[in-house]
Structure formats: C-alpha cells, structure tokens
Amino acid sequence: MTKTTNSSLRTGPDLMARIALVTGAGRGIGRAIAIALASCGADVALGARTPSELEQTASEITALGRRAVVVPTDVTDPAECVRLIDTAVSALGPPDILVNNAGAARFKPVWDYADDELDFHYAVNFRSMALCSREALAHMLPRRRGTIVNIASSSGKKPYRHQGPYCAMKAAVISLSKVMALELREHGIRVHVICPGAVDTAMADAVHPERDRTGWMQPRDIAQVVLDLLALPDHLTVDEVVMRRYLAEPM
Ligand SMILES: NC(=O)c1ccc[n+]([C@@H]2O[C@H](COP(=O)([O-])OP(=O)(O)OC[C@H]3O[C@@H](n4cnc5c(N)ncnc54)[C@H](OP(=O)(O)O)[C@@H]3O)[C@@H](O)[C@H]2O)c1
C-alpha cells in the first residue's frame, strides 16, 4: 500500500499560549508528552514524586522557550492532587490540557496481593486520574474549553497473567474516560484515552527486565499520538487509541 505523502495530514497542533499539565512527567511517556506539548508552544506544569527528574524535564521545556513549573506530587494522596492543580493554576493559569499519565504496577498472581497493594493500584492508576480531572474541570467548565488525555494501557483491553489489579484499574480508566467524554461533549471539553502496548521505559524495565526490547514502542510514539489528538478538527473526535508495536498481536 502506498503511504500518503500529503504533509498537511501531519500538521501539529498550535499550542501557543496554551497551558498544559502532565502527571508522571519526570520520565518515560509523561516526560516525552510534556516536551512534545512544549515543542508546539504550550507552557507545562509537571507533576511526579521525584523533583530531580521533574527538573530535567523542566530544563528541556525552558530550553524550548516555554514556561515549566515543577510540582513534586504523590498522586496517590488526594490532597496532593488538589494541590497539584492549584499550584499549576497559580503559576501558569487555568489548564487547557490535562494529561493523566502517572501510573504504576506491581505484578504477581492475584492471590498474592496484600490489601495495601490493591489500594495502591486503585489510588495511583484510577483515583488520581479522577481527582486530577475533577480539579482541572473546575477551571475548564466555566471557560467551555479543554482537552483531557488519559493514558490507560493494553492491559485495560485484555487480560495479562500476573497483572490483575493493574488490568482492572486500566479497564476502569478506559471506562471512566468514555463516561467523561459523554458528559463533557456538551461543555466543549474533549476526552481521549490512549491504550499503549509495551513501551520501552523504566516501568517496563522494572516489570520485564528479561525481555528483548527490539521493535518496542518508544515514549515519543505515544507523545506523537497525543499531538495528533490535539490537532483534530473541531467537528470530530477520537475516543480511544489502541497502540501496539507492529509485530505484537492486535488487541
Ligand atoms: N511502559 C509501558 O509499557 C506502558 C504501557 C502501557 C501504558 N503505560 C502507562 O503509561 C504511563 C507512564 O508509564 P511509563 O512507562 O512512562 O512509566 P515510568 O517510566 O515508570 O514513569 C512513570 C511516571 O509516573 C510517575 N509516578 C509514578 N507513581 C507516581 C505517584 N504516586 N505520584 C506521582 N507520580 C507518579 C513517575 O515519577 P515518580 O516515580 O518520581 O513519582 C514517573 O514520572 C503509566 O500510566 C503506565 O501505566 C505504560
């Protein structure tokens, strides 16, 4: 099949003077998304727990001539989710774009999860997304504009051995994203959910150190799709993007 050479199909979004907030922006997918947004003109607030990693992302953003604000945040704490949005708004202004990317996983058979590990999967992967969205929406709804991008996973689309709570919470993220898209469409706010398969990051390192990464998706691939979603024309939307490396099985 001939690939299109129509370069107008790959025009990036103009995000000049837009304010974005990215959770989990210290490394991996979140870092790539934050820098990609800044490369299109956005000023970006960065949330995660490790200040040194956030500072590295921030320095790349300021080198692009955009503003970056570092907000060390543990998104498993509801009060910190509230503080993250408040701090971002005070420093940069009301958000136009929220990317709920922070997430984590511990893999083992389902019967081995302790109570606090089940709570952890809920708090980091699902509740953080719901709370950050709620707080950001308080600023988006009155202005009748905004885009929320939630980073779910292929693990929310199909079962993987030893990923029980992670699969379940990512499926919940997909479901909540679609309810949000439904409820927010009449308020001028878009919601997208991206479900990547394996991406070559520290998370993959931690859970699959033995695997050969040849041909895996890179964080920039997910960032490119975020830009593509933000470049969609007003009359259409894409609810869900399912991504995999070319040689992986379709979901
Ligand atoms: N890598 C994959 O194969 C893959 C595939 C599908 C979906 N995903 C999803 O993509 C997202 C990003 O994953 P990644 O692969 O880029 O992982 P990563 O390299 O481990 O990065 C995760 C980011 O989230 C932050 N984070 C983790 N726990 C946090 C917490 N409690 N509070 C605030 N920030 C927290 C981390 O910073 P701190 O540790 O400093 O807090 C880091 O900046 C996750 O939602 C993940 O589930 C990943």
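The model is a predicted one.

Start with the fold. The chain carries 7 helices and 7 strands. Read from the N terminus, these elements run β-α-β-α-β-α-β-α-β-α-β-α-α-β. Along its principal axes, the C-alpha trace spans about 50 × 50 × 40 Å.

Next, the packing. Of the 251 residues in the chain, 47% are buried. Among contacts with a separation of 6 or more, 68% are made by residues 24 or more positions apart.

As for the inside, rolling a probe the size of a water molecule over the atoms shows where empty space is left. A search of the whole structure turns up 1 cavity of 30 Å³ or more. The volume of the largest cavity is about 70 Å³. Its lining involves 13 residues, and those closest to the centre are Asn 100, Asn 101, Ala 102, Ser 128 and Met 129. Two or more lining residues come from each of α4 (115–143) and α5 (164–184), with α4 giving the most, at 5 residues. Sorted by class, the lining of the largest cavity holds 7 nonpolar, 5 polar and 1 charged residues.

Note on methods
Residues are numbered from 1 along each chain as its sequence is written. This is a predicted model: local features need pLDDT of at least 70, side-chain atom pairs count only at pLDDT 80 or more; totals for chains, interfaces and linings use all residues. Side-chain values use heavy atoms; hydrogens and water are left out. On a 1 Å grid over the protein atoms alone, a cavity is a set of points where a 1.4 Å probe fits but cannot get out, and a pocket is an open set with protein on both sides within 12 Å along at least five of seven lines; lining residues have an atom within 4 Å of a point. Grid points are joined across faces, edges and corners, and a volume is the space filled by probe spheres set on the points. Helices (H or I, at least four residues) and strands (E, at least two) are DSSP runs, numbered from the N terminus. Ala, Val, Leu, Ile, Met, Phe, Trp, Tyr, Cys and Pro count as nonpolar, Asp, Glu, Lys and Arg as charged, and the others, Gly among them, as polar. Buried means under 20% relative accessible area, exposed over 50%, partly exposed in between (1.4 Å probe, protein chains only). Contact means heavy atoms within 4.5 Å.
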